Amino acid sequence: MNLLQRQPTSVAQPEKSGTGNGTSRNAWVLFLFGLFATSLAITSWFNCCFPHPEVTFVGDAGGYIEEARLVFNLFDLCTGMLALRPWTSISPDEVVKFSWLLQHLPELKLNGPVFPVLLASTFMGISRVIGESQAGWTIVNWYVPLTMQCLLVGLNCVLAAIAGNRLWDKRVGVTAGLLSLAYPGFIVNSGRPTTEMLGCTLVLTIILLSSYIARQKNFLLTFLLGLTLTVLQLSRSAMILLWLMVPVTILFGRTKRELLTAVLALSCGAVCLLGPWSIWQQARFGNVTLIVDRASRYNLFVGQDVQRQGWLTMPYMLPEWAMRSSSSRVVWRSFKTDPVRWLAFQLDKPPRMVKSVWNDFRQSIGPFSIEGQVLFHQAILLMAMVGCSIAFWSRNEDTLIPRLVLLEIVAMHAVYFCFAPVARYNSTAMHGLILLAAAGLVSVVSAIYSKDGRERLSGYLVIGGLISFCALTRMGSLLYSGPLFSTTDPMLIEGCLSVLKCIGLFLFVGGVFHFCTVHRLTSAARVAILVMGITLAPFVALPLRCYGRTAERALPMHAPMSRTIVLSTTEATFAKNNQCYLAIDTDSALNLNNSVVISINEQRIAGPVISGIRLAETYLPTEAPPNYHFRELMFHVLAAASDRDVLNLRQWFYIPVSPELIEKANGSFRIKIAPASPDAKGVVYARFQPINGNYKLPSFSLYAFDKAFYGVESDAALSDPRFDRQVTLASKPASEGSNQNLLVPNVFLVAAPSPGYLKNDNNLALLSHKHIEAVTLEKDVHDGTHSVAIPWSKPLSLEETASVRVRGTLRSKDKQHRAGLDLFIEFENDGKSKSYNAFALPRAIMPGQNFDIAVPMSRPAFEDRRIANVRLILNADSPLNSYYNVPQQTFGSVTFDNLSVDCLTVPSNPCTSKFRIY
């Protein structure tokens, strides 16, 4: 039987137009108003009252705000010139300012005009209302983008409810509105001014317009559809694909006259926006393009880079051959590099974009943790599969067209798989998925409340299959715990996990298939769920790299751990003649300072902790302030948005080992990491020792900030910013490593060659030293700072690397009063002074914690500049990144005890290409 001709009563049916009475319409309008008000209240509470790191100006959002500020100033200037005076009275200063504003808007062509203009218009409207038009656009005007985004989120909830009612019925509309209201990705990013929320509004508008055009074939509505498609195209460049899909769908089957009228209406809608935009481009840039190209060739190259797994790394890489080649050539060349790894890499991409909710910084929403948010997101995806299979079709063809448009909008997001997909790109598809999930949920709930026992059973089977799938895909944490993990072949555990996940998927697909059979839906519904299940299977069952490294475990620091290293005579001699470091794979430098006692051959290692991310940097300060490297800045900004600093990201941390200890050990090292207290916090990551001695370890010199913050390796934590590297250790297998299943901590001895070893001089040369007994700060959170300047007494040679070591202890009566440190390098060149913020000291130290951190620097980073001072800034309280949601209050006093600052030269960098790992 044709599915379009029959649907069971328990499956959501479209409501006939005009059948509702006045009371029903009033209740519906009241629901929509309440939905909008509730959404606005939730997003306002989250952004203004709930304490969380501020992200309004982070990443791309900062760029959009800066462009909007320039557009606002341009609008303000033009309004003043045209409205108040004739052209002849325009002053030369206004002409210069107008020219300057035009010259500083080149990014408008890259990002498109729509969102910056919308932001500027919002600020103009708000500033006129509250009388702050003369205040200018500064950081204190945070309410402008926040207000606009909160209004868009509330509007999207209303549009989703209306779309559900138009495409199915009021039950689906109510469910879609409530799911949109509760979806965490929209709440978390309501105060983050990027184009995704506007894109959601435009997508829902396109779906609604399609539903009306399918019934009325109205010229004005078709004109508005063309205008909306164009606005969306100029907001998000990939959405130009909808121009190739939506018009074809809504115009299918029309007469020639109707077709010509619709094409004219669509064209008029597009020209209304593309005309002024083309004139602007020609006047400002001398050329015209109808597509907003956000560096598509570069993003394609990054998204096809097998070595870096499609993640952005610094410095930027775009070879000449990629610039001259076609897109297909870039993909083909990447495939030929390593076909097997390329195929595995492509399997990583859908989970990277779809698996997790858009919450880059893992922020909670009150009691709604990030794990719960991911679970809620995945439940919506599964229920959307139900909606696709059992609640999509209808007997009314006028609702079939907008439903097909909805599917096209969701499907076109697959184009992002060619690039480097992240969860943010999937946000504009989420309202479409929520609509499908709402339709599926209403159908299943209707079956559960049916009087027919078989129908009730089918509904329970769908819900049971969904719960089983979500539970069985999260069994890894249980299988990887306890003695089972350390005594069983890791491949066997991975195999068991794959089987459990497949069982969960089978139960879910089987439940939906049974539902389709019981309700006597056509074969199309059953085929749909089978195809979706088969497509999903490899992404669920395979141990893909985007889910983390196979058979890796985090060992808690409250349990002792050890590793034995035995070197050959040649390697022992090499280690003696070079500076050695202990490399530890963990996620907090302060935990190494406070939670554990590290020793080699029973001799305690008390050296400073050095950040691996810092060592991997190039340290090239820019000419214009602020003077720090872009990657260094991005790590700092994104870490701050996650309420942490760079020293609280997973990486290799290095501790220098004295030459005397290396000499005395004579090639045999027994490394122990013992807890400093029974409740020691922190973890050390571990892996299984392979039979052939080839370890797959995190890279020592290659880090990617977007991999850390946009990856999906964990549902609760940030991802590892490093890449996999195959390493053959230069040390002999120790006796404790004879068992291939032994879990070995990622603790290595690294010997780093340097020019210093030629002179057999490995001692650290002290450049300057300053010791302070105690510094007590008692001021307000914004004023409680103290500055300490340490003169730099000796210029560095080109071969030398410098290190600033900062030691001390934080004390305070208030146990929740955290404090922080900032380090500035002040240098001179041609009589001009500049400073360089290192962003490499802890900025969230808790009372009672010790800190002993070394900040490395290389001489070539400063070119011909002479280092004058090292300036240490002590902060009474150091909120990592917040503008308006930190309580304005005075804290108790905080004291830095036994503060020491040492400027040293070190003979080597363990991240150089010639280091050896033992």
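Predicted model: local features only at pLDDT ≥ 70, side-chain atom pairs only at ≥ 80, totals over all residues.
Residues are numbered from 1 along each chain as its sequence is written, and side-chain values use heavy atoms, with hydrogens and water left out.

Start with the interior. In soluble globular proteins, nonpolar side chains tend to be buried together. Here the largest nonpolar core has 103 residues. A nonpolar core is a set of buried Ala, Val, Leu, Ile, Met, Phe, Trp, Tyr and Cys residues joined through side-chain atoms within 4.5 Å. Buried means under 20% relative accessible area, exposed means over 50%, and partly exposed lies in between (1.4 Å probe, protein chains only). Ile206, Leu225, Leu242, Ile390 and Phe508 have the most contacts inside this core. A second, separate core has 72 residues, Val788, Leu823, Val894 and Tyr918 among them. Phe508 is in contact (heavy atoms within 4.5 Å) with residues including Leu382, Met385, Val462 and Phe469, leaving aside neighbours within four places in sequence.

Now the rings. The structure holds 16 aromatic pairs. Rings of Phe, Tyr and Trp (its six-membered ring) pair if their centres lie within 6.5 Å; planes under 30 degrees apart count as stacked, over 60 as edge-to-face and the rest as tilted. Phe368 and Phe376 have ring centres 6.3 Å apart and planes at 70 degrees, so this pair is edge-to-face. Phe368 is partly exposed at 28% relative accessible area. Phe376 is partly exposed too, at 22%. Elsewhere, ring pairs link Trp45, Phe46 and Phe50 into a cluster.

Charges also sit over rings. The criterion is NZ of Lys or CZ of Arg within 6 Å of the ring centre and within 35 degrees of the ring normal. Arg352 lies over the face of Trp311, 3.8 Å from the ring centre. Arg916 has its charged end over the ring of Phe574, at 3.9 Å from the centre.

Next, a sheet. Strands of a sheet pair through backbone hydrogen bonds, either parallel or antiparallel. Four strands form an open, antiparallel sheet in the order β2-β8-β4-β5. Strands (E, at least two residues) and helices (H or I, at least four) are DSSP runs, numbered from the N terminus. Two strands pair if DSSP finds at least two bridges between them. β2 (561-566) and β5 (603-604) are the edges; each has a single partner strand, so one side of each is left without a neighbour in the sheet. Two bridges join β4 (residues 596-600) to β5. Ser599 has Arg604 in β5 as its bridge partner.

Helix α19 spans residues 427-448 and holds Val442. Val442 is buried, at 8% relative accessibility. Its C-alpha atom is 7.7 Å from that of Thr175, 267 residues apart along the chain. Ser427 also lies in α19 and is buried at 3%. Its side chain reaches the backbone oxygen of Arg424 at 2.7 Å. That is a polar contact: a pair of N or O atoms within 3.5 Å; within protein, one must be able to donate a hydrogen and the other to accept it, and residues adjacent in sequence count only if both atoms are side-chain atoms.

Finally, a loop. Ser719 sits between α30 (705-710) and β11 (722-728). Ser719 is buried, at 3% relative accessible area. Its side chain reaches the backbone oxygen of Gly711 at 3.3 Å and the backbone nitrogen of Glu713 at 3.3 Å.
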